[in-house]
2 protein chains.
Amino acid sequence: MHTIQVALNLNSYPIYIGNNILTSQEILVSHIHGHQVLIVTQKNIGHLYLKSIEKNLAGYQYDVLLLADGEQYKNVAEWQTIFTELLQKNHDRSTTLIALGGGVVGDITGFAAACYQRGVNYIQIPTTLVAQVDSAIGGKTGINHFLAKNMLGAFYQPQCVIADIDTLRTLPSRAYIAGLAEVIKYALICDAEFFSWLEKNSHLVVAKKPEALLHIITTCAAHKAAIVAEDERDQGGRRELLNFGHTFGHALEAMGAYQAVLHGEAVAIGMMMAAEISTFVNGLSAKDVERIRCLLTVCGLPVHLPKQLQPIELIALMKRDKKNKNGKIKLILLEAVGRANSQDSISEEGLVALMEKVRSNFL
Amino acid sequence: MHTIQVALNLNSYPIYIGNNILTSQEILVSHIHGHQVLIVTQKNIGHLYLKSIEKNLAGYQYDVLLLADGEQYKNVAEWQTIFTELLQKNHDRSTTLIALGGGVVGDITGFAAACYQRGVNYIQIPTTLVAQVDSAIGGKTGINHFLAKNMLGAFYQPQCVIADIDTLRTLPSRAYIAGLAEVIKYALICDAEFFSWLEKNSHLVVAKKPEALLHIITTCAAHKAAIVAEDERDQGGRRELLNFGHTFGHALEAMGAYQAVLHGEAVAIGMMMAAEISTFVNGLSAKDVERIRCLLTVCGLPVHLPKQLQPIELIALMKRDKKNKNGKIKLILLEAVGRANSQDSISEEGLVALMEKVRSNFL
């Protein structure tokens, strides 16, 4: 088992990464401080792991709530069911919520923990790749508004993150592949050596070999922990680089009303667009663009834009991005594989022109 | 004008108290850091004060949202209308929300500011007595759940509080009187001298004489600021004393489904109950109980329980109080006028017995 510390002033916490650690009573119980627990999960995930967790909770009042499955349910209505459950079962301020599942469960549950009685403890047990390498770490919690993604939320840190790589074995292939987009993102923005490693070992990664899983999750979690420690509240420091591929990606997701495309798939296409635009804005080499396209492709990720896409429509959605300031769209672009920067000087017209220019490379 | 500083580590801010200060551009603009503003208010209040504020916002993008009026609208649906407005008008993370109104507007707006894009700035302009002396200060924001009051929320501090005592002139008499319950609460829990002042000057207070208003609001705001500074997140320090009268009060409000009784009225009855129980538990003198009953009465506040009230029913609702821990009901009781303490050792049966005992004094 590897342990990575997220070093924050008042809210430091460990990320545990390993095989079959979800069953460890020692880890779990050491992060529960009251006598009440609410496990929030989804039917398919609960079916697989609830028993292992529940057997460690003898002596606690524990309740279980199943959320509906899917990004379209990351909404206020589903979030409210958590409060109803907590109140009906008389959970007080000393309760601990456990988010058992992927990014949707983690985000909703974390945000509910942030708001229940103005804040209770919670633990993240991510069971998807994207949650283990990204969304469960760093305290970004939230839900979607019907007009835009992740618009309601809080920065709220968990007591710990328990990333059990065994849970990835049962993860549907499409969801696993989508998670690789976030893995490749870390390599692209800050770790050229890791990118080379991924190029050489993509077959092991795609085949979910345990040593490969442990390596990619530990590497990504360490990057995320370091970046979060520098900039807990995402105030324009290095943390904004994590948004690489996401400005385009969120807009693509919004177009499909959160259903047609998985988050990681949208991010993969978004990273490709950002890379293509980076050749014009940052002088990213054509060779690097091809390396990126190639790695995304061998991992099974999409690199093509929806055919009917209108740049102007996409830009309208990009303007809703939380990173924007004073009406300017902020883009994270690449200087090279392993090095990113932030740009907010490109005008809307300039961006339309750039998108039209690179468009043919996608169709 | 008086200025009181709420001294918090990272989030210190001033409370301005004075005559006609709502019209001051200097105060308002010095606390707005972006170029966008959303004023959240209610029809009746907006009608009176919006123009004065809007004239100070030339050069800003400002939008106005009117919320429904009443504690029963302090709910998720109304809270969401703020996000819809912000998104439809493309407000970004640098926006500032202005809460113009009473406790309901302040609590909903503050909680929306806490959650919009994981946190934007906001300013409190309280226009009721209870908001000026209590709810607008200290960063407690939130909304009600249909099962219990104030169950969803955040600790989130404003940029400043602008308490204009002129706004109390147009406040309906019943709402003003209800606010006096919170004023008397401060005197009871920590300021015996202020209690004596209120006894001597209740006629000036009830008549809303400007000097009396300035004195009571400044005194209460200073107490609240000092208490909040000691215990920003209400973690069992002196801040819990502010709950005096509220454990009973919230339960009484919940019985009326937030409509029959005003918050301050419920608190007045709750303080009377707590005082009566304090004679048995803390040896509070009968003379002090009578002083309290007398001051509440001359101020026009209710001191009688609803006739049909069943102690056991009230206790069931009290068990939902956020201050409770490990299933025990926490009560704030008086040792004397000006001195309170916290009790969580009284059993449920003991509390039923105490309530039955004191009940006849109320009917």
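Tutor: Two residues are in contact if their C-beta atoms, placed from the backbone, lie within 7 Å, and helices (H or I, at least four residues) and strands (E, at least two) are DSSP runs numbered from the N terminus. Here B:Thr247, B:Phe248, B:Ala251, B:Ala254 and B:Met255 of H9(B) meet B:Leu314, B:Leu317 and B:Met318 of H12(B). This is a predicted model, in which local features need pLDDT of at least 70 and side-chain atom pairs count only at pLDDT 80 or more, while totals for chains, interfaces and linings use all residues. Residues are numbered from 1 along each chain as its sequence is written, with chains lettered from A and ligands numbered from 1 in the order in which they are written.

Student: How many residues of the contact of H9(B) with H12(B) are nonpolar, polar or charged?

Tutor: Ala, Val, Leu, Ile, Met, Phe, Trp, Tyr, Cys and Pro count as nonpolar, Asp, Glu, Lys and Arg as charged, and the others, Gly among them, as polar; the contact of H9(B) with H12(B) divides into 7 nonpolar, 1 polar and no charged.

Student: At what angle do the axes of H9(B) and H12(B) cross?

Tutor: Axes are lines fitted to C-alpha atoms, for helices over the stretch in contact, with angles from 0 to 180 degrees between N-to-C directions. Those of H9 (residues 246-255) and H12 (residues 311-318) of chain B come within 8 Å and cross at roughly 105°. H9(B) and H12(B) are therefore roughly perpendicular, a term for 65 to 115 degrees.

Student: How many residues of chain B are in contact with chain A?

Tutor: 31 residues of chain B are in contact with 31 residues of chain A, and S8(B) gives the most to the side of chain B that touches chain A, with 6 residues.

How values were computed:
Parallel < 35°, antiparallel > 145°, perpendicular 65-115°, else oblique.
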